[in-house]
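Please read it with the coordinates open.

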Amino acid sequence: MNTEDRLAAARRYAAYFEALSPETLPDLDRYVTKEVHFRDPFNDFIGRPLMERAFRHMFDLLDDVRFEVHDLACSDRAAYLRWSMIYRRKQGSEQCIEGMSEILLADDGRVQMHIDHWDAAGQLYERLPVLGGLLRLVRRRLQVD
């Protein structure tokens with residue numbers, strides 16, 4: 001796969017990622033390999049069915065989930081997506097998580113590895129009532145004055 005093909009494949013995946021919904025989950029086969037490796041702060045597994053299950057779980061837990069891809073970059077074999085995940089907790093206010101996905105593409109242009117990088121402590125856990133206070137205290141103690 002040449003650079004132009006890799007960039008086109010990464011753009012197709014980014015567009016799918018932005019359109020991701022419970023209704024588009026069955027289309028995942030067109031964008032990822034059967035043995036895709038997926039990792040985020042909560043999951044680390046191999047297999048398209050597990051990836052679909054993880055996304056379905058996210059949609060079950062949260063309302064109005066959408067991804068916005070802000071930047072896309074490619075190297076010789078990988079692509080990088082900088083994104084925002086905007087969502088609403090059940091009967092809650094809108095929240096936003098900023099992150100980056102490292103995408104490794106197979107020769108056929110489908111994703112064979114999707115690794116999400118984002119700060120779960122600062123963007124999620126610190127928003128929780130009891131745990132958040134503890135984490136903010138730890139962060140203050142560790143930061144440089």
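The points below go from the overall fold to one strand and then to a pocket.

1. Basis. This is a predicted model, in which local features need pLDDT of at least 70 and side-chain atom pairs count only at pLDDT 80 or more, while totals for chains, interfaces and linings use all residues. Residues are numbered from 1 along each chain as its sequence is written, and side-chain values use heavy atoms, with hydrogens and water left out.

2. Elements. The protein chain has 4 helices and 6 strands; helices (H or I, at least four residues) and strands (E, at least two) are DSSP runs, numbered from the N terminus. Their order from the N terminus is α-β-β-α-β-β-β-β-α-α.

3. Burial and surface. Of the 145 residues in the protein chain, 40% are buried; buried means under 20% relative accessible area with a 1.4 Å probe, protein chains only. The chain exposes about 8,600 Å², with 52% of it supplied by carbon and sulfur atoms; these areas come from the Shrake-Rupley method with a 1.4 Å probe.

4. Contacts. Taking contacts (heavy atoms within 4.5 Å) between residues at least 6 apart in sequence, 45% join residues at least 24 apart.

5. Strand 6. Val-32 stands opposite Val-111 of strand 6.

6. The hairpin. Strand 5 (residues 94-105) pairs with strand 6 in the antiparallel sense, over 6 bridges. Ser-101 has Asp-116 in strand 6 as its bridge partner. Between the two strands of this hairpin lie 5 residues, and Gly-109 takes a positive phi near 90°.

7. The largest pocket. Its volume is about 550 Å³. A pocket here is an open set of points on a 1 Å grid over the protein atoms alone, where a 1.4 Å probe fits, with protein on both sides within 12 Å along at least five of seven lines; lining residues have an atom within 4 Å of a point. There are 23 lining residues, and Asp-40, Phe-42, Asn-43, Ala-54 and Met-58 are the closest to the centre. Helix 2 (48-61), strand 3 (62-74) and strand 4 (78-89) each give two or more residues to the lining.

8. Lining make-up. Which element gives the most to the lining of the largest pocket? Helix 2 does, with 7 residues. By class, the lining has 17 nonpolar, 2 polar and 4 charged residues; Ala, Val, Leu, Ile, Met, Phe, Trp, Tyr, Cys and Pro count as nonpolar, Asp, Glu, Lys and Arg as charged, and the others, Gly among them, as polar.

Technical notes. Pairing = 2+ DSSP bridges. Buried < 20%, exposed > 50% of the residue type's maximum accessible area, 1.4 Å probe, protein only. Points joined across faces, edges and corners; volume = space filled by probe spheres on them.
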